[in-house]
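Here's a quick briefing to read with the model open beside you.

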Amino acid sequence: MPAIGAAAWIGGLAGLLGPPVGVGITLAIAAAALWWARPRLPRPWWRFCAAVVVVVGSVAAVAMIRVGEVAGSPVTALGARSSSVTATMVVSGDPRISRGRYSDLVVLRARMVQVSTRAASYQLSTPVLVLGDESWTEVALGSTVRASGRLEAAEGEDLAAVLRATGDPRPVAPPRWWWRGAEVVRASLSRSVADLPDHQRALVPALVVGDDSRLDDQLAEDFKTTGLTHLLAVSGTNLTLLVGFLLWIARWAGVRGRASYVVGAFGIIGFILLARPEPSVLRAAVMGAVGLVALGPAGSRSAGRALGVAVTALLLIDPWLAMSPGFALSALATAGIVFWAPGWRDALAAWLPGWAAEAVAVPAAAQWACTPIVAALSGQVSLVAVGANLFAAPVVGPATVLGLGGGLVGLVWGWAGGVIGRLAGWCVAWIVTVAHHGASVPLPAVGWGTGPLALALLSVLSVLALVAAPRLLRRRFVGVLLCVGLVMTVLVRPSLWGWLPQHGWPPEGWVIVACDVGQGDAVLLNAGRGRAVVIDAGPDPASVDRCLTRLRVDRIPLVVLTHYHADHVTGLPGVLDGRAVGRIEVTPLTDPPEAARQVADQARSAGLEPVLAPYGAVEHYGEVTVRAVWPPPDQPTVGPGDGSTANDASVVLVAEVRGIRLLLTGDLEPNGQEAVARELPGLTVDILKVPHHGSPSQDLPFLTSLHARVALISVGADNDYGHPAARTVDALTAAGARVLRTDLGGDLAVVERNGQLYTVTSRR
């Protein structure tokens, strides 16, 4: 059955990629499965081959039918023409707020059951994405609403169109009783933790039902670095814990035999309703059910068969899961626990207590099985994930069960629900501590390329490790040596490991690096010998700290904060943490004032006092020379208080590193760019840091007149502002610049070798 499940997965990929590819892959997988399973094939062997072909063909056919249904829907055609419509929809996903610079959007999924234009009306059932204003936040899951708006083409093949709604949704029918009941329990869960600190109040609902809407970005980043992200999403672990606890209560109450299956089914259905019947939740429910099977008397053998059946069934129901990273992570983690964890546990049990061997083997096997997928998504391999999961594991179960208990008890006795919720909060406080400290070690993760060769190499290494681990771990000396080596690698700052190659990063001879910090700026200039001049700190301390760590920078003679917008200064603690910083220079305009005060407080806590960037003065820091050319001394120092004038007060630097000239522009707008052009007529540079994340608001004649060979754009992926603008990128490219973007390339480095410039990105 595991081989049949793998065949179903390949069939899903084949169907989504198209018939020509599908036929070839079907034949290839049938031959590969036959060769792999030939020693264990039942007689006659052709039955197994026929099963593989039937499963691959069936899942591929379902996938092609689903793709065809969406592509051929009238809604898809209307979206391609940007038609104005009136639609009736059943809401299938909770509303989520997408923050924008000028306004917020509410995003939700729905199933369109009727759509009307001036010319025609259609009855159908088609998935769409709805974008609305704040009035859509009150729309309940499962309700039927009517709305008007404009249809637009959707990017994903599982969506027929995007509806940009105009005005408020008009209710047609309320949710069914089971949706209302689930909402009451979720509201009670939120009330039971309402008095807890922010992190605890956000994390308990995330653990119980996957509601991470109140989680702040910093904590989410710490969980990502330490391999604990699976706790923030609905996973099979959630279901295994909750339904397992329910079955334990039922057994304690005397429930036996087939009645236990009824209790388990009731628990699974209740879990799906609470966490929402989205594809990720259904996937988690099925994988959690496999985990429950693994805990049963038949053990891993039954769980292996169940995993194969689960994968096949899920792909027949929703073939788009074949290309879902979440599905891959769930299936591989479950496979690691079912197939490899027992061998790892038995090997470790030769010299460790049984409970310790189990505690180490389960998260290690699951994490290692997922390593290639995690590296493809994040571009890094976590070194602390196993340890973090090991330390967090003892409280995950109690936190999840207590969190749900607080919500259920709170329905009948609010005070008691609050007490249980506080106990859950104490448990998740330990998880927060583990995530924070794990992400703060000098080397929590190592960068890894996301190209085909890099991922193929990592996949081969992962398979070899999974197979060879039992033999290696059975020997006490080898096991201890591996643990000591991992601990030393994690705890020793990478600057002490100059001989250790990190897959070409940092690139030898780098001049400038634009760090991938999302929608913000953090630029480093190489001052030599582990030193760097830092221009801006980005929106996130953890991101800029990781960038500095990967570049082995532990001394920073100068930090320049070009202006006080959050996407340039909020990450300052990550720059200051554990590094020797000599000087912080800032813009004269203290706007927005709250951010300016926060920067001053953070600087003073590090024993520094921010000073104004000296206009026109040339400063030398190792191999770096910088000169502030904007703003001039006569510019205002107080703004309106909302930060609206901050961009044109950005500190602009002309720098030089080993004979390479650079222009660093902050978020300078066209008026400021024109002023700089007047101040520095005829300026040419080798490298340009493009202003304001490549926005369309540029003085393009000035930027193209610089004749830069390389233009770096620091920009967040899928940002709401449309950055970078195509006209900006096209103009710079036409002027002869090679344009690099952090949203596509990760960290961007420019390397100088023998007077020639080369570009290297962290995502290969």
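Helix α18 (residues 541–550) has 9 of its 10 residues buried, so the rest of the structure largely encloses it. Buried here means under 20% relative accessible area, exposed means over 50%, and partly exposed is in between (1.4 Å probe, protein chains only). Helices (H or I, at least four residues) and strands (E, at least two) are DSSP runs, numbered from the N terminus. Bear in mind that this is a predicted model, where local features need pLDDT of at least 70 and side-chain atom pairs count only at pLDDT 80 or more, while totals for chains, interfaces and linings use all residues. Residues are numbered from 1 along each chain as its sequence is written, and side-chain values use heavy atoms, with hydrogens and water left out.

**Around α18**

- The buried residues of α18 are Ala542, Ser543, Val544, Asp545, Arg546, Cys547, Leu548, Thr549 and Arg550.
- After α18 comes arginine 552, which has a positive phi near 60°.
- Aspartate 536 sits in the loop between β11 (531–535) and α18.
- This aspartate 536 isn't a glycine, yet its phi is positive, about 70°.
- With 1% relative accessibility, aspartate 536 counts as buried.

- Most residues other than glycine have a negative phi, and most peptide bonds are trans.
- Arginine 658, another residue other than glycine, has a positive phi near 50°.
- You'll find arginine 658 in the loop between β18 (652–657) and β19 (660–664), and its relative accessible area of 31% makes it partly exposed.
- Aspartate 591 and proline 592 are joined by a cis peptide bond, with omega about 0°.
- Proline 592 belongs to the loop between β14 (584–586) and α21 (593–605).
- Histidine 723 and proline 724 are also linked by a cis peptide bond, with omega about -10°.
- Proline 724 is in the loop between β21 (710–713) and α24 (726–734).

**Helices α12 and α16**

- Two packed helices are described by the angle between their axes and the distance between the axes.
- For helix α12 (residues 325–348) and helix α16 (residues 452–473), the axes come within 8 Å and cross at roughly 15°. The axes are lines fitted to C-alpha atoms, for helices over the stretch in contact, and angles run from 0 to 180 degrees between N-to-C directions.
- That makes α12 and α16 roughly parallel to each other (angles under 35 degrees count as roughly parallel, over 145 as roughly antiparallel, 65 to 115 as roughly perpendicular and the rest as oblique).
- The crossing of α12 past α16 is left-handed, meaning that the near helix is turned anticlockwise from the far one by less than a right angle; clockwise would be right-handed.
- On the α12 side, the contact is made by Trp340, Gly343, Trp344, Ala347 and Leu348, and on the α16 side by Ala465, Leu466, Ala469, Pro470 and Leu473. Contact means heavy atoms within 4.5 Å.
- Those contact residues split into 9 nonpolar, 1 polar and no charged (Ala, Val, Leu, Ile, Met, Phe, Trp, Tyr, Cys and Pro count as nonpolar, Asp, Glu, Lys and Arg as charged, and the others, Gly among them, as polar).

**The aromatic pair**

- Searching the whole structure turns up 1 aromatic pair.
- The partners are tryptophan 413 and tryptophan 415, in a tilted arrangement at 5.7 Å centre to centre and 35° between the planes. Rings of Phe, Tyr and Trp (its six-membered ring) pair if their centres lie within 6.5 Å; planes under 30 degrees apart count as stacked, over 60 as edge-to-face and the rest as tilted.
- Tryptophan 413 and tryptophan 415 are both exposed.

- Leucine 151 lies in strand β5 (residues 144–152) and counts as buried at 0% relative accessibility.
- Leaving aside neighbours within four places in sequence, leucine 151 has contacts including Val75, Leu78, Met112 and Leu163.
- Serine 705 is in helix α23 (residues 700–705) and is partly exposed, with a relative accessible area of 33%.
- Alanine 194 is in the loop between α5 (177–192) and α6 (198–209), and its C-alpha atom is 9.3 Å from that of arginine 422, 228 residues away along the chain.

**The whole chain**

- The chain has 25 helices and 24 strands, and 51% of its 764 residues count as buried.
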